[in-house]
Amino acid sequence: MRFAAMLMAAASVFAVTAANAQSPVKVKIGVLNDMSSLYSDLSGPGSVWAAKKAVEDFGAAAKGLQVEVIAADHQNKADVGTSVARQWYDVEGVDMIVDTPNSGVALAVNTVTREKNKVFINSGAATSDLTGKACSPNTVHWTYDTWALANGTGKAVTKNGGDTWFFLTADYAFGHALERDTSEVVKANGGKVVGTVRVPLNTSDFSSFLLQAQGSKAKIIGLANAGGDTINSIKQASEYGITSSGQKLAGLLIFLTDINSIGLKTAQGLNLTSAWYWDMTDANRAFAKEFSAANGGKYPTMVQAGVYSGVTHYLKSVAALKSAKDGAAVVAEMKKMPTDDKLFGKGEVRADGRQIHPMFLFEVKKPSESKGPYDFYTLKATIPANEAFRPIGEGDCPLVKKT
Amino acid sequence: MTSATSPMAAPREGYSPLRLLIALVVLAALIAAPFLVYPIFLMKVLCFALFACAFNLLLGYAGLLSFGHAMFFGGAAYISAHTVKVLGFTPEIGIIAGTLSAALLGLVTGLLAIRRLGIYFAMVTLALAQMFFFFCLQAPFTGGEDGLQAVPRRAFFGIIDITKDVNLYYVVLAIFVIGFAIIYRAVHSPFGQVLKAIRENEPRAVSLGYRVNQYKLLAFVLSAALAGLAGATKSIVFQLASLTDVAWQMSGEVILMTLVGGMGTMLGPIVGAAIIVTMQNYLASLGEWVLVIQGVIFVLAVSLFRRGVVGEVLAFVQARKEKAAARDAAP
């Protein structure tokens, strides 16, 4: 803590000199995500582009901020993630880390960020613990979380008659949290969980797990995994004839890029919950067009849109404070100021660090309905912002005062 | 038995003033280092250097290629992280607990593995290490893919505040020096001589009346315990223990460090660890390319300088000395 105090003292000195000299406030943003493995499509270089785009659209230079964006690959390893985060904070002078898919790495970076009093805006990771047990005055969780996904998909599917579930769960924090949250929603809506199997991360062969799921005779196979794991499990379930024999898949976390990899033929009819889709408003479509021009024809996922939105709000708060050095103060400002940007619209950051916005329930289109690249989703329902996320009192977040 | 039987063996000349001077200079540099270089990086180098030295004790001096040392490194990391975080031990007790558990694991593994030689020995250690990996993946206390996170840095011995990186660096340096001293002592002792004899010619060592298996087992346990010491220390430094530490890639990495630096030399593994960790750290932005570069370096090391960096330097010095001696002898 003495080290943190020193940093803060140094920071305030910097802040004073900066104010005196009227020189631009230096802000350094680090995009820490998976650049080369299973989550690189849904975050990866696209998130770096989104962060840079947010800086550009914000007009940082005109508002007295000098913003630099750097990026690194955490290789989905918690120890690599923490050493990069530490080095960024200690040596490189990074003020804020953004994105960071993989809940295990996100929780580790959350701890380091709090210790160093910087800012962590998470868009890519799903664990609702970031605004629950592990919540921190230095962290904002932007795009989605396991509770929101479970609530969206779990409720809709169970109410439509899918009342027995078997879970195929990725064996790490994210999978466990998603399974736990969805089970609760299923049970609360009168359904039953008949079994579960834990699968190692980044598995290529799902056959034995899928056979267990088939043997369970559950109506719904819940896929509590993400990225490449979801793609492989959906494809292989289709190859095994599981979907054609009457069992249905419920993808709990499916990204636009996943549907692209799976193909509409295999994925059609799948229900999924998402925080953002490019073909909803004119602003979204314009963003997607620019994104795809810069990223080899790929379209942005909700994670990348969330990075844009989160960085925008962060820069607003830094501009208001005229300093990026005291992380807790910046996050406090982010919570005070309502959020408003072209992609996520109006919203707020709650006391526990949860950004609040509506969620959407989509159905994947049939190949015949799709008119162009990435034209994949039909909107089925909008979950209003006040119902989309876990009620603030239920997360066991120590920052929330019990009433 | 003379130490000149193998080109791998470092020439031993006892404690010459020059050696002492070099050691002092190196120590002074290590003490000054955290003010020049990022301390966490240095601690990482020291942890891996100790790990590689422990591995080298087995490979370089006893000629046993273990492919499962990640088991001891990572196992100790988990035990020390768990005891410190959940049971509330102080870090020094946590590190000792990790080291002892690695020694115990080494004893069990060693008893099974030393019955076989060569590739079979390597395979037995690999198989046991993989079993241990899957145990760690599933055991509830390890946290699966998440690992054990946010291990608190409590005061060392109750007085040294290790939340400051520089203080922790000196603690890690002390641990490293102790570990290195143990290895140095073991190698330069009658026990070490017998190990080298076994490496050079096992049947002959048997015929001389040595109980070869007991020596091998002791070397194995010692090596496992010191690898555990390195792993336990690493978990305190990074405040986490994760599956990376027990994965087979870690066993491969330590072999790479030892071979690149110079197998069977005292300083080789340290140099090798420094080279590999530096590459991983400063080339991290290149992503997957780090692995390719590592592979290329490994191929170069094996095909061009087989004695490793330090081994080649020693051989060069030795050759010059012999030349000079020959010139002096011939008037």
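In which loop of chain A is T100(A) found? The views below take up this residue, a sheet and a residue of chain B. The model is predicted: local features need pLDDT of at least 70, side-chain atom pairs count only at pLDDT 80 or more, and totals for chains, interfaces and linings use all residues. Residues are numbered from 1 along each chain as its sequence is written, while chains are lettered from A and ligands numbered from 1 in the order in which they are written.

**View 1. T100(A) in its loop.** T100(A) is found between β3 (96-99) and α4 (103-116) of chain A; helices (H or I, at least four residues) and strands (E, at least two) are DSSP runs, numbered from the N terminus. Its phi is near 55°, a positive value in a residue other than glycine. T100(A) counts as buried because it has 32 C-beta neighbours inside 10 Å (buried: 20 or more other C-beta atoms within 10 Å of its own; exposed: 12 or fewer; partly exposed in between; C-beta atoms placed from the backbone).

**View 2. An open parallel sheet in chain A.** Its 4 strands run in the order β7-β6-β8-β9, where two strands pair if DSSP finds at least two bridges between them. β7 (192-199) and β9 (248-251) of chain A each have a single partner strand, so one side of each is left without a neighbour in the sheet.

**View 3. The pairing of β6(A) with β7(A).** Strand β6 (residues 164-170) of chain A pairs with β7(A) in the parallel sense over 7 bridges. F167(A) stands opposite T196(A) in β7(A).

**View 4. F157(B) in its loop.** F157(B) lies between α5 (118-138) and α6 (165-187) of chain B. Phi of F157(B) is near 55°, a positive value in a residue other than glycine. With 11 C-beta neighbours inside 10 Å, F157(B) counts as exposed.
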